[in-house]
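Colleague: Before we discuss this model, could you put the sequence and the coordinates on the screen? I would then like to go through the fold, the sheet, the core and some single residues.

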Amino acid sequence: MRLDKFLKVARIIKRRQVAKEVADQGRVQINGHVAKSGSQVQEGDEITIEFGNKVSTFKVTAIKESTKKQDAEQMFTVLNEKMKPKDPQGPEFFA
């Protein structure tokens, strides 16, 4: 299954167009390699997503063409979620 479709069907990202944009910007990795929206996802793959200021890692446990909301959580397991550290060299708004 295509990466962008998996992210949408599994409800990790709400809309497929947003999933496509995130992947094509190089913010998604499959098994440690940068992935594009058309990359194939298989059971057992680890997907890492940088979205906003959060980095999340998921393990694909099932591939389904469509799911109901309550069944979508069975398609993946959350391995890690963490916030990106703030950049100490970033702008200071209240200096």
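Colleague: What percentage of the 95 residues in the protein is buried?

Modeller: This is a predicted model, in which local features need pLDDT of at least 70 and side-chain atom pairs count only at pLDDT 80 or more, while totals for chains, interfaces and linings use all residues. Residues are numbered from 1 along each chain as its sequence is written, and side-chain values use heavy atoms, with hydrogens and water left out. Buried means under 20% relative accessible area, exposed over 50% and partly exposed in between, with a 1.4 Å probe and protein chains only. On that scale, the buried share of the 95 residues is 32%.

Colleague: Which pattern does the protein follow along the sequence?

Modeller: The protein has three helices and five strands. Read along the sequence, they give the pattern α-α-β-β-β-β-α-β.

Colleague: Which strands stand at the edges of the sheet?

Modeller: Two strands count as paired if DSSP finds at least two bridges between them, and the five strands form an open sheet with antiparallel pairing in the order 2-1-3-4-5. Each edge strand has a single partner strand, so one side of each is left without a neighbour in the sheet; the two edge strands are strand 2 (33–34) and strand 5 (76–83).

Colleague: How many bridges join strand 3 to strand 4?

Modeller: Strand 3 and strand 4 form a hairpin with two residues between them, and Gly52 in the turn has a positive phi of about 70°. Strand 3 (residues 46–51) and strand 4 (residues 54–60) run antiparallel, and the number of bridges joining them is six.

Colleague: At about what angle does helix 2 run to strand 3?

Modeller: Axes are lines fitted to C-alpha atoms, for helices over the stretch in contact, and angles run from 0 to 180 degrees between N-to-C directions. Helix 2 (residues 16–24) lies across strand 1 (28–30) and strand 3, and its angle to strand 3 is about 95°.

Colleague: How many residues does the largest nonpolar core have?

Modeller: A nonpolar core is a set of buried Ala, Val, Leu, Ile, Met, Phe, Trp, Tyr and Cys residues joined through side-chain atoms within 4.5 Å. The residues with the most contacts inside the largest one are Leu3, Phe6, Leu7, Val28, Val41, Ile47 and Ile49, and its size is 21 residues. At least two residues of this core come from each of helix 1 (3–9), helix 2, strand 1, strand 3 and strand 4.

Colleague: Which residues form an aromatic pair?

Modeller: Rings of Phe, Tyr and Trp (its six-membered ring) pair if their centres lie within 6.5 Å, with planes under 30 degrees apart counted as stacked, over 60 as edge-to-face and the rest as tilted. By this rule the count is one aromatic pair; it is edge-to-face, at 5.3 Å centre to centre and 90° between the planes, and is formed by Phe58 and Phe76.

Colleague: Is Ser37 buried or exposed?

Modeller: Ser37 lies in the loop between strand 2 and strand 3. Leaving out residues up to four places away in sequence, and taking contact as heavy atoms within 4.5 Å, Ser37 touches Arg2, Leu3, Asp4, Lys20, Ala23 and Asp24. At 5% relative accessibility, Ser37 counts as buried.

Colleague: What is the distance between the C-alpha atoms of Lys64 and Phe6?

Modeller: Lys64 has its place in the loop between strand 4 and helix 3 (69–72), and is partly exposed, with a relative accessible area of 27%. Lys64 and Phe6 are 58 residues apart along the chain, and their C-alpha atoms are separated by 8.2 Å.

Colleague: What value is the phi of Asn31 near?

Modeller: Most residues other than glycine have a negative phi. Asn31, found in the loop between strand 1 and strand 2, is partly exposed at a relative accessible area of 42%. Its phi is positive, near 50°.

Terms used: Helix = DSSP H or I, 4+ residues; strand = E, 2+ residues; numbered from the N terminus.
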